[in-house]
Amino acid sequence: MSASNGTIRIGLVGIGKIARDQHLPVIGASPDYTLTAVASREGRYEGVPNYRTLAEMLAGQGDLDAVALCQPPQVRFSAALAAIEAGRHVFLEKPPGATLAEVGILIEAARARGVSLFASWHSRYAPGVEPARHWLSGRRIRSVAIAWMEDVRHWHPNQAWIWQAGGMGVFDPGINALSIATHILPPFFLTGATLSVPENRQAPIAADLHFTDADGTAIEAVFDWRQTGPQTWDIRVDTEDGLLVLSKGGSVLTIDGSEQPLPPEAEYRGLYDRFAALVRSGTSDVDLNPLIHVADAFLRGERRTVEAFTD
Ligand code: NAP
């Protein structure tokens, strides 16, 4: 942190949907950061130097403190490693990598270089998640049902990478549900899964997942990208003290039918506050659990070929 006003000078890589929707406005509104430069092959952003690659940005901006990496997971590792080796703190969009082992290398590289690495899970910062975690703590859970069902044509138009190996298909949104579940529930593991893969794609369009925990609790999840009409991002936790429902991706919390008062949605502000705290304390935060469950689904699940998907 060497900007004269004490802010973290940050560069952003990959000007696409999430960079425009969330990162750039949140960085711009934060007192903790100065957006110093961007790097994108096609994307442009007014008001700061624009580079085509991370390497050019690092070469041109010697006093950059941190980078936020907003590219698809398949191409993020080499950028993250280069930034770490150049002594920059790194904010990774979710998922933190296309494989588990590559993230392990990043963790070790960040430790060795003395920089902060943040594997962000934005859904954990939805307003209902911490209150849900608090309410569930110590309560006996009977069963859990997760439904994450949305229209891929609406949310992911023309995103070729998401259907390719490493793009994770329906697990791209589904891992958000897993990031919440791993945060609010005791540890659990996969016992079986069915992945429905379109005959013309490499990644699943739907997944049925069966998990359990050390107590034998049934945790069922359905991810489906073929949902039109109302969209569903719900986690229902049946406990001996009542039913907790996190809906709308964690932004609405209902306990036994009673909607709980919550602050407004501010997921990315929460992420950037967290990253600033990590940078200032010289620590990292990389939780691999959501990605472990996705990897397990590919490792342990059955594959079912379904009809071709056309955009
Ligand atoms: P996107 O718009 O398709 O891609 C982001 C940018 O990455 C693109 O504009 C592109 O910039 C660069 N890029 C794309 N393919 C690339 C490739 N093969 N090689 C190098 N650069 C490439 O994706 P997105 O929706 O923003 O998602 C990016 C990441 O954020 C994903 O991991 C996703 O899970 C996560 N995320 C997305 C959302 C969402 O609502 N979309 C929400 C939360 C998290 P240039 O071509 O200009 O370099």
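Me: How many salt bridges are there between domain 1 and domain 2?
Reply: The count is one salt bridge. Keep in mind that this is a predicted model.

Me: Which side chains meet in that salt bridge?
Reply: Lysine 94 and aspartate 172. The N to O distance is 3.4 Å.

Me: What about the residues on the side of domain 1 that touches domain 2?
Reply: They divide into six nonpolar, two polar and two charged.

Me: How many residue pairs are in polar contact between the domains?
Reply: Three, with both residues of each pair at pLDDT 80 or more.

Me: Back up a bit. Where are the two domains?
Reply: Domain 1 covers 8-119. Domain 2 comes in two pieces, 123-264 and 295-306.

Me: And how many residues does each bring to the contact?
Reply: Domain 1 gives 10 residues and domain 2 gives 12.

Me: What separates their centres?
Reply: 27 Å, taken over C-alpha atoms.

Me: How much area do they bury between them?
Reply: About 780 Å². Carbon and sulfur atoms account for 63% of it.

Me: Why quote an area at all?
Reply: Because the size of an interface is often given as the accessible area lost when the parts come together.

Me: How many salt bridges does a search of the whole structure find?
Reply: It finds 13. The pair of lysine 94 and aspartate 172 links distant parts of the chain, 78 residues apart. Lysine 94 sits in the loop between S5 and H4. Aspartate 172 is in helix H7, residues 171-184.

Me: What joins lysine 94 and proline 95?
Reply: A cis peptide bond, with omega at about -15 degrees. Proline 95 is in the loop between strand S5 (89-92) and helix H4 (100-113).

Me: New topic. What is the phi of lysine 248?
Reply: It is positive, about 50 degrees, although lysine 248 is not a glycine. Most residues other than glycine have a negative phi, and most peptide bonds are trans.

Me: Where does lysine 248 lie?
Reply: In the loop between strand S12 (242-247) and strand S13 (252-255).

Me: Last one. What pLDDT does the protein average?
Reply: The average is 97, and 99% of the residues score at least 70. Among the elements, strand S6 (residues 117-119) has the highest mean, 99. Helix H6 (residues 152-155) has the lowest, 97.

Methods:
Residues numbered from 1 in each chain as written. Heavy atoms only, no water. Domains from an automatic or database assignment. Contact = heavy atoms within 4.5 Å. Buried area = accessible area lost by both parts, 1.4 Å probe. Salt bridge = Lys/Arg side-chain N within 4 Å of Asp/Glu carboxyl O. Polar contact = N/O pair within 3.5 Å; in protein donor to acceptor, adjacent residues only side chain to side chain. Nonpolar A, V, L, I, M, F, W, Y, C, P; charged D, E, K, R; others polar. pLDDT = per-residue confidence, 0-100. Helix = DSSP H or I, 4+ residues; strand = E, 2+ residues; numbered from the N terminus.
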